[in-house]
Amino acid sequence: MYTLVLIRHGQTIYNKEKIFCGWTDVDLTEQGIEEAKQAGRNLKKAGFMFDMGFASVLKRTKETLDLLLTEMGVETIPIKYSWRLNERCYGALQGVKHADMIEKYGEEQVQIWRRSFSERPPLLETTDPRYSGNDPKYKDIDPVCIPCAESLSDTIERVLPYWHEDIAPAIKDGKKVIVAGSGNSLRGLVKYLDDISDADIVGLEIPTGVPIVYELDENLKPIKHYYLKD
């Protein structure tokens, strides 16, 4: 049996203020910092240890993983960072309050953009300062791979190759792995692992800063999973 731990980053400023975030780099709130630390304390109390970590390149995810591991007393493990674990790109909605978009487009349309499986929000122009292709940390990525907006389906399509090529082989090599991501990148992994339908995955909410523990069989199919809380 293999064990895998997934964790969504702690609460961010944008989470608190109900602002579309996506690939925008924002900081954790004080609550988010405490969530990450508490996750580390809970993992340590439950006897977890890790040999390797995977995380997105967004600072909220990096900080969450760093705080968690520090709280566990884990000083140095290899951590691989990939844009493929980034949050879904919300396009032209990024940096805008949910309420403002509801006022402009109506609640039904905004809910479709937020929660449908295949609907993309309005695209960012590549000249827009919010477009991630202008960010130096993505300079080595093929511009074709940098989204102007993504649906949940699009997000899953970029996450799963990383699972198959990097994360799954590490688990099968016997490494104890933790994956730190965002709500939609982790929804993609959970959808795949638990074989959740396209219709049902849109209703899944993953809380900030709470580890999800998966026990997997020799084929990396779930035996069970649970949230590790106080």
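**View 1. Surroundings of Arg 60 in the predicted model.** Once its neighbours within four places in sequence are set aside, Arg 60 is in contact with His 9, Thr 12, Cys 21, Gly 22, Thr 24, Asp 25, Val 26, Leu 28, Glu 87 and Ser 182, as seen here in a model that is predicted. Arg 60 belongs to helix α3, and because its relative accessibility is 1%, where buried means under 20%, this residue counts as buried. Gly 32 stands 28 residues from Arg 60 in sequence, while the C-alpha atoms of Arg 60 and Gly 32 are 9.0 Å apart in space.

**View 2. Packing of helix α2 against helix α3.** Helix α2, spanning residues 30–45, packs with helix α3, spanning residues 59–72, at an angle of about 40°, and their axes are 7 Å apart. The angle therefore makes α2 oblique to α3, and the crossing of these two helices is right-handed. On the α2 side, the residues that meet α3 are Ile 33, Ala 36, Lys 37, Ala 39, Gly 40, Arg 41, Leu 43 and Lys 44, and their counterparts in α3 are Glu 63, Thr 64, Leu 67, Leu 68, Glu 71 and Met 72. Sorted by class, the contact of α2 with α3 holds seven nonpolar, two polar and five charged residues.

**View 3. The largest nonpolar core, with 28 residues.** Within this core, the residues that touch the most other members are Leu 4, Leu 6, Phe 54, Trp 163, Val 177 and Val 179. At least two core residues come from each of β1 (2–8), β2 (52–55), α6 (152–172), β4 (177–181), α7 (183–194) and β5 (212–216), and α6 gives the most, with 10 residues. Not counting residues up to four places away in sequence, Leu 4 touches Trp 163, Ile 171, Val 177, Val 179, Leu 193, Ile 212, Val 213, Tyr 214 and Leu 216.

**View 4. The crossing of helices α6 and α7.** The axes of α6 and α7 come within 8 Å and cross at roughly 70°, an angle which means that α6 is roughly perpendicular to α7. The crossing in which α6 passes α7 is right-handed. From α6, the contact draws on Leu 152, Thr 155, Ile 156, Val 159, Leu 160, Trp 163 and His 164, and from α7 on Asn 184, Ser 185, Arg 187, Gly 188, Leu 189, Lys 191, Tyr 192 and Leu 193. Eight nonpolar, five polar and two charged residues make up the contact of α6 with α7.

Methods
Residues numbered from 1 in each chain as written. Predicted model: local features only at pLDDT ≥ 70, side-chain atom pairs only at ≥ 80, totals over all residues. Heavy atoms only, no water. Axes fitted to C-alpha atoms, helices over the stretch in contact; angles between N-to-C directions. Helix = DSSP H or I, 4+ residues; strand = E, 2+ residues; numbered from the N terminus. Parallel < 35°, antiparallel > 145°, perpendicular 65-115°, else oblique. Left-handed = near helix turned anticlockwise from the far one by under 90°. Contact = heavy atoms within 4.5 Å. Nonpolar A, V, L, I, M, F, W, Y, C, P; charged D, E, K, R; others polar. Core = buried A, V, L, I, M, F, W, Y, C linked by side-chain atoms within 4.5 Å. Buried < 20%, exposed > 50% of the residue type's maximum accessible area, 1.4 Å probe, protein only.
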